[in-house]
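Hi,

Here's the structure I said I'd pass on. Have a look at it first, then read my notes below.

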Amino acid sequence: VFADDVVIDGEKLIPAWFAKLPAPRGKKLLAIDNNVISEYFIRKQETPELKFVFEDPSLQIQCSRQVIDEALNHPGLPAVQRPNVWASLTKLQGSGKLFLSGTSQMTPAQLADYKELMRLLQQASVSMQDAAVAADAIVKKIPLLSLDQKFKNAMTAALQNPAVRTFLKNHTLPDSAALIFVS
């Protein structure tokens with residue numbers, strides 16, 4: 001079913017994490033990692049949680065071009081399938097369900113925080129790609145859905161690093177795995 005508990009709203013199953021998502025313009029915002037795209041569109045893992053993420057109209061998916069590129073260039077994705085996945089993502093973007101929200105959507109202060117946080121996370125042994133995904137979500141204060149336990153473990157360890165902790169605290173940014181990840 002869902003990675004976490006569910007709330008039942010009539011006939012609709014809603015992940016418990018949905019309630020903690022910000023909704024600055026009416027729709028709830030959720031940042032996603034490339035593995036979420038891969039699982040849903042490439043591996044066809046249409047779990048209730050992933051179906052909710054990609055199909056519920058009250059949720060807007062936020063991700064960077066890097067996330068999409070990582071999913072589309074995954075070694076397990078046959079080149080012949082790439083146009084189909086790209087077309088699906090384009091359709092979601094056209095409907096307003098998917099919003100490309102990378103560094104071009106950051107204020108100058110967010111961009112400076114993003115660059116420094118990315119550097120600190122990499123120094124704390126988070127991969128460059130994962131550091132970029134995490135820093136993007138953290139500086140925008142949008143909870144992140146990732147299905148990659150290795151990434152979550154690396155972030156949990158990095159959050160214990162004194163330099164990372166101090167930076168997050170001094171910039172009033174989410175500073176725990178529970179605040180950064182939805183599940």
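Before anything else, one term: when I talk about contact or packing, I mean heavy atoms within 4.5 Å. Also keep in mind that this is a predicted model.

Let's start with helix H4, residues 82-94. This helix has 13 residues, and the distance from its first C-alpha to its last is 18 Å, close to the 18 Å expected at 1.5 Å a residue. Which residues of H4 are buried? They are Val-85, Leu-89 and Leu-92. If you look down the axis of H4, those buried residues fall within an arc of 55 degrees, so they line one face of the helix.

What do the buried residues of H4 pack against? Their partners are helix H1 (34-42), helix H2 (48-55), helix H3 (65-72) and strand S5 (98-100). On the face turned away from the buried side of H4 you'll find the exposed residues Pro-83, Asn-84, Lys-91 and Gly-94. Just after H4 comes Gly-96, with a positive phi of about 85 degrees.

Next up is helix H5, residues 108-123. At 1.5 Å a residue, its 16 residues should span 22 Å, and the end C-alpha atoms are 23 Å apart, which agrees. The buried residues of H5 are Gln-110, Asp-113, Tyr-114, Leu-117, Met-118, Leu-120 and Leu-121. Seen down the axis of H5, they fall within an arc of 165 degrees, so they line one face of this helix too. The buried residues of H5 pack against helix H6 (128-140), helix H7 (149-158) and helix H8 (162-170). Pro-108, Lys-115 and Gln-123 are exposed, on the face of H5 turned away from its buried side. Just past the end of H5, Ser-125 has a positive phi of about 75 degrees.

How many cavities of 30 Å³ or more does the structure hold? There is one. The largest cavity has a volume of about 40 Å³. Its lining is made up of Ala-31, Ile-32, Gln-62, Cys-63, Ser-64, Val-67, Val-133, Asp-136, Ala-137 and Leu-144. Strand S3 (28-32), strand S4 (59-63) and H6 each supply at least two residues of that lining, and the largest share, three residues, comes from H6. Sorted by class, the lining of the largest cavity has seven nonpolar, two polar and one charged residues.

Most residues other than glycine have a negative phi. Lys-141 is not a glycine, yet its phi is positive, at about 60 degrees. You'll find Lys-141 in the loop between H6 and strand S6 (144-145). Is Lys-141 buried, partly exposed or exposed? Its relative accessibility is 43%, so Lys-141 counts as partly exposed. The other one is Thr-172, also not a glycine, with a positive phi near 45 degrees. Thr-172 lies in the loop between H8 and helix H9 (177-180). With a relative accessible area of 57%, Thr-172 is exposed, since the cut-off for exposed is over 50%.

Happy exploring!

Definitions and conventions
Residues numbered from 1 in each chain as written. Predicted model: local features only at pLDDT ≥ 70, side-chain atom pairs only at ≥ 80, totals over all residues. Heavy atoms only, no water. Helix = DSSP H or I, 4+ residues; strand = E, 2+ residues; numbered from the N terminus. Expected span 1.5 Å × (residues − 1). Buried < 20%, exposed > 50% of the residue type's maximum accessible area, 1.4 Å probe, protein only. Arc of directions from axis to C-beta. 1 Å grid on protein atoms, 1.4 Å probe; cavity = no way out; pocket = protein on both sides within 12 Å on 5 of 7 lines; lining within 4 Å. Points joined across faces, edges and corners; volume = space filled by probe spheres on them. Nonpolar A, V, L, I, M, F, W, Y, C, P; charged D, E, K, R; others polar.
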